Amino acid sequence: MDKLIIEGNVPLNGDVVISGAKNAALPIMAAALLTASPCHIDNIPGLRDIDTMVNLLKGMGGVITANKNGLTIDTNNLSSMEAPYEMVKTMRASVLVLGPLIARWGKAAVSLPGGCAIGARPIDLHLNGLKKMGAKIELKGGYVYAFAKRLKGCHLYLDMITVTGTENLMMAATLAKGQTIIENAAKEPEVPDLANMLNSMGAKISGAGTNIITINGVDELKSTSYAVMPDRIEAATYIAAAAMTKGSVNIIESPLHEMEGILHKFKEAGTSINIDKNRLCIAPSPFIINTNIKTLPYPGFPTDMQAQFMAMMCLAKGTSIITESIFENRFMHISELKRMGADIEVRGNTAIVKGVERLSGAPVMATDLRASASLVLAGLAAEGTTSISRVYHLDRGYERMEKK
Ligand code: EPZ
């Protein structure tokens, strides 16, 4: 899909079912590289990034078969341990094959991801951790070449909180000799989801979801059947859509426990949210209250919701201060929102959003995944027609958004 045309200012009403979480499914699919037996993974979302990971694993010789709403991944006979540049440049999360390949095959050639729209996105913490575990790492021609007879468990301290860094090192440690402790580990819910899947394969991981994860290495991992957790960012995006269009929406299958911080902020913004078993029921509220956010590692407000929440604050009564502390360039949606009449001033990594009465539809351009979601939300609330180009970004992380 390359362009979305949205007739705005129409309340959204009805039910929407949340898909499996992209950022849990991707490491979980890579984890299938850790065992010779096939892994059955369910609740996999239909996304471009998932297709990229499937093609990456197939390119290595993995055999992947689709079943109902999941995949069976068999990496028993790999023909290559390479994640080529063409793949990695389209999806940074391809680096998640690095840890599993070194752990099980003792070698890997993974293209450096390079930057992307939202920042430099280095992987130095991934590489330093693997080196400490005994891997020999060489950087040549834009590729990481890694070798290890057998990784050795050790005490790792991550200088920065990194989600995929934590996941890569946790996966590598499952087959290392001895115990690995990862300190300052990421606590994002997708990390324990991956740990639960690895433990169901026979790994010995404790502490996932806290900032200290302990992994006791084993000699081999076995087959498993595992269902991916629901996507908290997709769910939160639909809360914003309902709130901004003053609609009544039931969001089904949200990971409620993992969304407490996000729900707190929406309530602060005046959103009417009722929880009925596994449903989030959003009802119209008279107006949106200006609310400040600063993106932080979990359980703080997620950077992946910053652009969407900003779209909502464009219509708040009053001024909101939005600070992006995780990525250095995640304000690309602002110039497009301003084309729709938003009043936003940027000062470094802080945006000052003065609420306006109404946004007006306009032709805009998506630059990255969450920026495109933010523009869709603005278009849904705006007066008139909005056309969003380069909206293929949306397909990377939102399953059939226009249908839902
Ligand atoms: C994961 O990216 C998510 N992607 C991102 O979601 C999410 O925005 C991010 O975590 C933060 O929550 C997946 O899980 C596939 P980081 P990741 O390593 O792991 C710096 C989306 O929209 N850093 O936690 O790549 C880095 O530059 C995507 O779904 C280093 O300096 O993010 C950033 O400033 C976007 N060196 C900060 O840490 C490293 O070795 C956090 O990055 C690693 C990271």
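Q: Where does Gly141 sit, and what phi does Gly141 take?
A: Gly141 is in the hairpin of strand 8 and strand 9, which has two residues between the strands. Its phi is positive, near 55°. The model is a predicted one.

Q: How many bridges join strand 8 to strand 9, and do they run parallel or antiparallel?
A: Five bridges join them, and the two strands run antiparallel. Strand 8 covers residues 136–140 and strand 9 covers residues 143–147.

Q: Which residue in strand 9 is the bridge partner of Leu139?
A: That is Val144. Likewise, Ile137 stands opposite Ala146 in strand 9.

Q: What about strand 7, how many bridges join it to strand 9?
A: Five bridges, again in an antiparallel arrangement, with strand 7 spanning residues 107–111. Within this pairing, Lys107 stands opposite Phe147.

Q: Changing topic to the ligand. Which residues come nearest?
A: Arg92, Thr162, Thr164, Asp304 and Ile326 come nearest, out of 22 residues around the ligand.

Q: How do the residues of that shell divide into nonpolar, polar and charged?
A: There are 10 nonpolar, five polar and seven charged residues in the shell around the ligand.

Q: How far is an oxygen atom of the ligand from an N or O atom in the side chain of Arg370?
A: The distance is 2.8 Å. In the side chain of Asn23, an N or O atom is 3.0 Å from an oxygen atom of the ligand. For Arg330, a polar side-chain atom lies 3.2 Å from a ligand oxygen atom.

Q: How much of the ligand does the protein bury?
A: The protein buries 91% of the 820 Å² that the ligand exposes when taken alone.

Q: Which elements give two or more residues to the shell around the ligand?
A: They are helix 1 (22–31), helix 5 (124–132), helix 6 (163–173) and helix 12 (369–381).

Q: And which helix gives the most?
A: Helix 5 does, with three residues in the shell around the ligand.

Q: Strand 2 and strand 15, do they run parallel or antiparallel?
A: They run parallel, joined by five bridges, and strand 15 takes in residues 248–252. Gly14 has Val249 in strand 15 as its bridge partner.

Q: Is Val249 buried or exposed?
A: Val249 is buried, with a relative accessible area of 8%.

Q: Now helix 7. How many of its residues are buried?
A: Eight of the 11 residues of helix 7 (residues 190–200) are buried, so this helix is largely enclosed by the rest of the structure.

Q: Which residues of helix 7 are buried?
A: Glu190, Val191, Pro192, Asp193, Leu194, Ala195, Met197 and Leu198.

Q: What follows helix 7?
A: Gly202 follows helix 7, with a positive phi near 105°.

Q: Which residue has a positive phi of about 55° although it is not a glycine?
A: Lys277 does. In general, most residues other than glycine have a negative phi.

Q: Where is Lys277 found?
A: Lys277 is in the loop between strand 16 and strand 17 (279–283). At 74% relative accessibility, Lys277 counts as exposed.

Q: What is the phi of Arg400?
A: The phi of Arg400 is positive, about 45°, although Arg400 is not a glycine. Arg400 is found in the segment after helix 13 (392–397). At 44% relative accessibility, Arg400 counts as partly exposed.

Q: Last one: which residues does a cis peptide bond join?
A: Tyr298 and Pro299, with omega about 10°. Pro299 is in the loop between strand 18 (293–294) and helix 10 (306–313).

How values were computed: Residues are numbered from 1 along each chain as its sequence is written. This is a predicted model: local features need pLDDT of at least 70, side-chain atom pairs count only at pLDDT 80 or more; totals for chains, interfaces and linings use all residues. Side-chain values use heavy atoms; hydrogens and water are left out. A residue is near a molecule or strand if one of its heavy atoms lies within 4 Å of it. A polar contact is a pair of N or O atoms within 3.5 Å; within protein, one must be able to donate a hydrogen and the other to accept it, and residues adjacent in sequence count only if both atoms are side-chain atoms. Accessible areas come from the Shrake-Rupley method with a 1.4 Å probe; for residues, only the protein chains shown count as cover. Helices (H or I, at least four residues) and strands (E, at least two) are DSSP runs, numbered from the N terminus. Ala, Val, Leu, Ile, Met, Phe, Trp, Tyr, Cys and Pro count as nonpolar, Asp, Glu, Lys and Arg as charged, and the others, Gly among them, as polar. Two strands pair if DSSP finds at least two bridges between them. Buried means under 20% relative accessible area, exposed over 50%, partly exposed in between (1.4 Å probe, protein chains only).
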